[in-house]
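Please open your viewer and keep the sequence panel beside it. We will go from one selection to the next.

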Amino acid sequence: MQIFGKTQDNLWTLIAAPTIWAFHFLFCYFLAAYQCAPNADPFTRIGGTRLAIGVVTVVCLVLIGLIVRRSWREWRVDGGGTRNNQDTPEARERFLEFSTLLLAGLSFTAVIFETMPVLLIGDCR
Amino acid sequence: MTQATLYPSDAPNQDDEEVRRGQEERLRKVWAAPKGWRYWSAVNNTEVGIWYTAVAFGFMLFAGVLALMMRVQLAVPDNDFLSATFYNQVYTLHGTAMMFLFAVPIFEAVAIILLPQMLGARDLPFPRLSAFGFWCFVIGGVFVCGSIFFDAAPNAGWFMYPPLTTREQYTPGYGPDIWLLGLSFIEVASIAAAVELIVGTLKCRPPGMRLNLMPLYGWYVLVVAGMILFAFPPLIAGDILFELERLFDWPFFDPSRGGDPVLWQHLFWIFGHPEVYIVFLPAIALVAMIIPTFAQRPILGYSWIVLAAVGTGFISFGLWVHHMYTTGLPSISLGFFSAASEAVAIPTGVQIFVFIATLLTGRVIFSVPMLFVSGALATFVIGGLTGVMVALVPFDWQAHDTYFVVAHLHYVLIGGMLFPLSAGIYYYWPIVSGRRLSDRLGKLAFWLMFVGFNVAFMPMHYSGLAGMARRVWTYPESMGVGAANMVSSISAFVFAAGFLVIVWDVLRPRSKEPYAKRNPWNAGTLEWLSEMPGESWGVRSVPIVTTRYPIWEQPNFIDDVDKGRFYLPDATDMKRETLITSVLDGSPLQCLRVPGPSFMPMWAAIFTGAVFIFATFHWWAATIGAMVLSLVSIIVWLWRGTAQIPEVREKEVGLGLKLPLYESGPQSIGWWAMFITMLGDATAFMGLIFGYFYFFTIHVDFPPPTTVGPGVLWPTVALMLFAAAWASALLARWSNRAEHVGVARFLMAAGVVLSLCASASLLWGPYTTGLDPSAHVYPATVWVLAIWTAVHGAVGSVMFGYCLARSITKRMTPAHDIDLSNVALYWHFMAFTAFFTIATLAYFPMSV
């Protein structure tokens, strides 16, 4: 899905995936805090919160997946090598694409990590 | 493309020794440090960086002595070497000084020395800002540390938890104020350094150094400076709330009036946890520079290091609550932070594997720096493993506030920071002084430190699990940890002796020893172009870089640099100059004139410091006087030293290239600095907004149903006035560029008035609705947000006035409008702040 053809990578595209992780993290934290922090009724089930976090997780994973897909494809098109120390714009692109891919992989894993508490904990205790 | 083909016919012949000698004389004269007492007006990175490093090490030794005093006290059970209250001061100041006066500043200090060298730049873009940061650091540090000699030091732990610290009955005296105000002042210096280093890394790279060719140190500096920008401001926000509670009894942390002490813990640790990585990453950056040199090969897995640095930078912001597992937060919240705490181990581990792989595939030369690097990796891994343990909630509940945590944090900090830094001292000392440190003493120092450290801190895991609490001045014999503590105390002295060997090695007189040979370790990166002893100009000519290790991989590189065959081999205009290049590819964009020596940064720091110090002791008249002087000195500094209109538009920089001397808007580095500073400022503001919504989440009714303030009318008036001021900033910039100077001046004058009126109406809202900030946390929060925004409005008004004066005195013209474009940028952020404040204070309560 390359609507605009090949993207020019830069520092913003590099940090897009971890930024999605950060959004996901803050969303989970704030929603849970909003539900539970008044400490009015710690035994209430928080099914709605868990569901909302689940939905947002899926959205975030899809977005990170798109970043993985884009950077993977463009990296492959560029030859897919991990050698990226030449003095050419292609090497710079290859470096940024590969680093984006790695960061997207890390962010994907971290988002899954963040979601695990929701699978196990069902109330505000 | 060889250099020869780039020469224009009328260029100076760089192979003529006479020509070169003339160039060198001019460069030397332009970059020379001032003589006599004027030496202290120096702003060049070589001088400021070395002062900064030396002072940071001074504070480290001071804090080290405090640590030894604690170890003497704890050597035997029921000891009375220190009284309980003095012990409290000692451990508080030990942690505070090590973190705020050593670990973070040493990063800034070392980066100020090394970064320009690594980037083949003559200096960082804002040398006077570095000098200002340094003087702030010295003044704040001496103020905080000096307090212990008057028995007035802060004594409630380096994280200052309220209500212990907010109630006069528990902590009488000025201790917490000294901590809050002294350190807030130093945080300003850290943010200044972060701005300098981000712009330096992105815009001052040598021509050709694309992002994929940047030294790994540059990547780490970029990430860490970015982290400072988002980590320190929440603490400043916290400090503001805290100090308002201490000085004026605004109840942010007082539960009886709706406040919550846990909010401080949040704000502190949103800063405090990333700070651990702010300390760790720059030290590991040194390792990333040292390992390739001694493995005699390029780093293996450059992209993986970038992954590790950037990934750690992000995830480290999701860990803060793991310091707060025992505060009674809901398990689901703890779960999120536990998950992130485990996830951060992935990028942290990746870089360790990259280092090991590089060493395994290279031919390793064993040397003192490598010895410290190996010790660092081993020690850090142990600390990392106990970190994975305490990141788990149930384990942490057992180990919280015990010596197990003390052991863990020292393994991480000493393995992850002090050992790499010591490796860096041995590795980089030739760049600083032109001579190598002693291998024999280095080995001795290493083994004393390594053995001393491990034997001192390993038993603390046991003492902690046996139930010994941290921060308590003694323990009973019946606890059974006497032997472990005695071992820890003796070994702490061995460790300290090791460090003193390094200090001796650095300080011992050595004028008779010969200088080291150039590039003594046979390294490949640009900082090793440095001559022995170094020249104040940094680099003889600014090179074209086409590889990651130019000295290894670019033929005849050192000779080409030395013979001035690259850019800026001369200082024809007798001005300090360096190159500005593009972010992605390092294409040359501008020849930047950087300012020379000046006492103004020092005066600005002294007066700004006076504001904080006088406020500590409630000398309000003096505080206001110092505030005025501080504002005046900053304006004088800016007026004389920034946005100077050059005598010509363009300048020949060598190799037939002509570059502009003046750029404004997003092309100018000043615009970048303003943008980055305002990101930090916006983060502090977000910290205050976080406070408002935090209280909203913990209270069932927030705002309390009985309150009416601040109303809707006056905030709305303020919003409209702020919008008008914002529009005048944009229109003034636009009309000035379009050569309608008269219109632009009218708009700037209007801006002065509009922004003051906007600020006044914003404050009028809570005032006229009778919100009493000491009655409850709601009015206090409203007031603090309104004051924050109003103060920014007042600063915006001063900026309008400044631009007007610059325009009238012809220092700002339609073609040279750096000042006005930066002020317009400020007003974008100002508009954002005003909108958010007013939306939160006036419209949000209506919607819930």
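Predicted model: local features only at pLDDT ≥ 70, side-chain atom pairs only at ≥ 80, totals over all residues.

**Domains of chain B.** Begin by colouring chain B by its domain assignment: domain 1 covers 3-31 + 535-595 + 647-659, domain 2 covers 39-507 and domain 3 covers 709-847. Taken over C-alpha atoms, the centres of domain 1 and domain 3 of chain B are 44 Å apart.

**Salt bridges.** Over all chains, the structure holds 35 salt bridges. Select Glu535(B) and Arg28(B), whose closest N and O atoms are 3.0 Å apart in a salt bridge. This pair links distant parts of the chain, 507 residues apart: Glu535(B) sits in the loop between α16 and α17 of chain B, and Arg28(B) in helix α2. Glu535(B) is partly exposed at 22% relative accessible area, and Arg28(B) is partly exposed at 35%.

Next, pick Arg246(B) and Glu168(B), which form a salt bridge at 3.8 Å, N to O.

Move on to Arg508(B) and Glu513(B), a salt bridge of 3.1 Å between the closest N and O atoms. Then select Asp87(A), Arg92(A), Glu93(A), Arg210(B) and Asp585(B), which salt bridges with shared partners join into one network.

**A patch on chain A.** Finally, show Leu51(A), Val55(A), Val58(A), Val59(A), Val62(A), Leu63(A) and Leu66(A), which make a nonpolar surface patch of about 600 Å². Leu63(A) belongs to helix α3 (residues 47-77) and is partly exposed, at 40% relative accessible area.

Key:
Residues numbered from 1 in each chain as written. Chains lettered and ligands numbered in written order. Heavy atoms only, no water. Patch = residues over 30% accessible without salt bridge, like charges linked within 9 Å, V, L, I, M, F, W, Y side chains within 5 Å. Areas by Shrake-Rupley, 256 points an atom, 1.4 Å probe, with all protein chains shown as cover. Salt bridge = Lys/Arg side-chain N within 4 Å of Asp/Glu carboxyl O. Helix = DSSP H or I, 4+ residues; strand = E, 2+ residues; numbered from the N terminus. Buried < 20%, exposed > 50% of the residue type's maximum accessible area, 1.4 Å probe, protein only. Domains from an automatic or database assignment.
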